[in-house]
Amino acid sequence: MVTIAVIGLGTFGSSVTEALLDTDTELVILDKDRDIVEKYKNSVTNAYITDAISEATLEKVIPPDVNAAVVDLGSQLETSILVTNHLKKLGVPQIIVKARSDEHGEILKLVGATKIIYPDYDAAVHIAPMLLSSALFNYMQLSENFAIAEVKVRKEIEGKTLAESSLRQKYSLNVIGLRQEGNDEIKAAANPLLVLDNQMILLVAGTPQSILNYTDRHAADEKQKKDGNIFRKFLHRN
């Protein structure tokens, strides 16, 4: 069974806790706010009202077989750095920490964080590309070189079959699903003879750059093409 410790129940820490409540995870939560700990105490394995800055306290409450720790200490920059370092000394294999800035993130990596979360930036990466391209309905960058997006069927491939569209050859995109505009149900795109029309939204996978290439060329005017430069900044920041 997986054991997870959540240290700090800010927006991110609480969201992680909520997501794990209905799983088989053994969940340990720590926060100095009594009210928020009381909210979850009957739904988790162990709940502690404590100041997590103490290495001795962490050693007492963090299970020795913990698989990962999530740290969300809000604006307490020094505290998050100290707690991350304490967790590293305790041998926690995965330490996921919320950071407020690149500089904060770099320090956290140095003291032991295995993954840094930038909630505000991650939200911007998800939303900004959709604001900058009329061809993009949804976007999720999963790593530096891989993303999934919902895109419009471009005029040049309307009326063609999936095989004839040559999306893989021309744009290095793999079509993994589709839905009709106005309908949220996504279906598998397994039929190469499927005829594409302008009411279809394609779920595609590829590099951020390949998705940009497809949506950039869909832009109807020079302003959208210029705005694509901003899109590139978001795509390549990671």
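How many helices and strands does the chain have? The chain has 10 helices and 10 strands, where helices (H or I, at least four residues) and strands (E, at least two) are DSSP runs numbered from the N terminus. This is a predicted model, in which local features need pLDDT of at least 70, side-chain atom pairs count only at pLDDT 80 or more, and totals for chains, interfaces and linings use all residues. Residues are numbered from 1 along each chain as its sequence is written, and side-chain values use heavy atoms, with hydrogens and water left out.

**Figure 1. The chain as a whole.** Of the 238 residues of the chain, 44% count as buried; buried means under 20% relative accessible area, exposed over 50%, and partly exposed in between (1.4 Å probe, protein chains only). The chain exposes about 12,900 Å², of which carbon and sulfur atoms supply 50%. Such areas come from the Shrake-Rupley method with a 1.4 Å probe, and for residues only the protein chains shown count as cover. Among contacts (heavy atoms within 4.5 Å) between residues at least 6 apart in sequence, 55% join residues at least 24 apart.

**Figure 2. Strand 4 and its partner strands.** Strand 4 covers residues 68–71 and has both faces covered: Ala-68 and Val-70 on one side, and Ala-69 and Val-71 on the other, are all buried. Strand 1 (residues 3–7) pairs with strand 4 in the parallel sense over 4 bridges; two strands pair if DSSP finds at least two bridges between them. Val-6 stands opposite Val-70. Strand 5 (residues 94–98) also runs parallel to strand 4, joined to it by 4 bridges, and here Val-71 stands opposite Val-97.

Figure 3. Four strands form an open sheet in the order 7-8-10-9, with antiparallel pairing. Strand 7 and strand 9 (174–180) stand at the edges, each with a single partner strand, so one side of each is left without a neighbour in the sheet. Neighbouring strands of this sheet are turned by 15 degrees against each other on average, direction ignored; axes are lines fitted to C-alpha atoms, for helices over the stretch in contact, and angles run from 0 to 180 degrees between N-to-C directions. Strand 7 pairs with strand 8 (residues 146–152) over 6 bridges.

Figure 4. Met-140 belongs to strand 7 (residues 136–143), and its bridge partner in strand 8 is Ile-148. Met-140 is partly exposed, at a relative accessible area of 47%. Together with Leu-142 and Phe-146, Met-140 forms a nonpolar patch on the surface with about 290 Å² of accessible area. Patches are made of residues with over 30% relative accessible area and no salt bridge; like charges are joined within 9 Å, nonpolar side chains (Val, Leu, Ile, Met, Phe, Trp, Tyr) within 5 Å.

**Figure 5. Salt bridges.** A salt bridge is a side-chain nitrogen of Lys or Arg within 4 Å of a carboxyl oxygen of Asp or Glu, and by this rule the count comes to 7. Lys-39 forms one with Glu-18, the closest N and O atoms being 4.0 Å apart. Lys-39 lies in helix 2 and Glu-18 in helix 1 (residues 11–20), so the pair ties together parts that are 21 residues apart in sequence. Lys-39 is exposed at 56% relative accessibility, whereas Glu-18 is partly exposed at 39%. Glu-106 and Lys-109 also form a salt bridge, with closest N and O atoms 3.7 Å apart; both residues lie in helix 5 (residues 102–111), about one turn of the helix apart.
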